[in-house]
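Thanks for coming. I will go through one structure today, starting with a helix and then moving to the cores and the aromatic pairs.

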Amino acid sequence: MAEGTFATSVTCMDGRIQLPLAKWIKENYSVDYVDAITEPGVDKKVADNSDLESIKTKVGISINAHKSELIVVSGHYDCAGNPVSDEEHKSQIKKGVEVISSWNTGAKVIGVWVDGTWNINVL
């Protein structure tokens with residue numbers, strides 16, 4: 001069993017957002033660790049409810065093995081994996097929160113947008 005408190009981040013694989021996002025989650029939700037589940041342009045994938053078995057399995061591991069009580073769905077500025085407008089990203093993130101919430105994990109699910117200055121904005 002893992003020691004410490006965990007949150008789960010469902011995020012793009014883009015390395016530019018990993019540290020700012022993990023730092024923000026740790027600071028704002030008082031957790032020790034952030035499990036990162038990454039895919040390019042993940043906000044679109046989750047919003048479209050497309051081929052999510054792998055992501056769902058990984059979320060389940062984070063919830064069950066690490067007792068994560070928070071899932072953060074994110075998207076970011078300048079995403080190569082999902083090159084759409086900021087507004088479209090934000091819409092997809094909100095839809096992604098609905099999709100992951102429907103999995104009934106027992107965890108709180110929130111959506112965040114990482115802007116062009118790498119600041120985290122709750123949606």
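The expected span of a helix is 1.5 Å times one less than its number of residues. Helices and strands here are DSSP runs, numbered from the N terminus, with helices being H or I of at least four residues and strands being E of at least two. This is a predicted model, where local features need pLDDT of at least 70 and side-chain atom pairs count only at pLDDT 80 or more, while totals for chains, interfaces and linings use all residues. Residues are numbered from 1 along each chain as its sequence is written, and side-chain values use heavy atoms, with hydrogens and water left out.

Helix α4 has 16 residues and reaches 23 Å from its first C-alpha to its last, close to the 22 Å expected at 1.5 Å a residue. Which residues of α4 are buried? They are His89, Gln92, Ile93, Gly96, Val97, Val99 and Ile100. Buried means under 20% relative accessible area, exposed means over 50%, and partly exposed is in between, with a 1.4 Å probe and protein chains only. Seen down the axis of α4, the buried residues fall within an arc of 165°, so they line one face of the helix. That arc is taken from the directions from the helix axis to the C-beta atoms. The buried residues of α4 pack against β1, α2, β3 and β4, with contact meaning heavy atoms within 4.5 Å.

Next, the cores. A nonpolar core is a set of buried Ala, Val, Leu, Ile, Met, Phe, Trp, Tyr and Cys residues joined through side-chain atoms within 4.5 Å. The largest one has 18 residues, and Ile100 and Trp103 are among those with the most contacts inside it. Its largest share, four residues, comes from α4. Leaving aside residues up to four places away in sequence, Trp103 touches Leu52, Ile55, Lys56 and Val59. Apart from this core lies another, of 14 residues, including Cys12 and Val112.

Last, the aromatic pairs, of which the structure holds three. Rings of Phe, Tyr and Trp (its six-membered ring) pair if their centres lie within 6.5 Å; planes under 30 degrees apart count as stacked, over 60 as edge-to-face and the rest as tilted. Phe6 and Tyr33 make a tilted pair, 5.1 Å centre to centre with 35° between the planes. Phe6 lies in strand β1 and Tyr33 in strand β2, so the pair ties together parts that are 27 residues apart in sequence. Phe6 counts as buried at 10% relative accessibility, whereas Tyr33, at 42%, counts as partly exposed.
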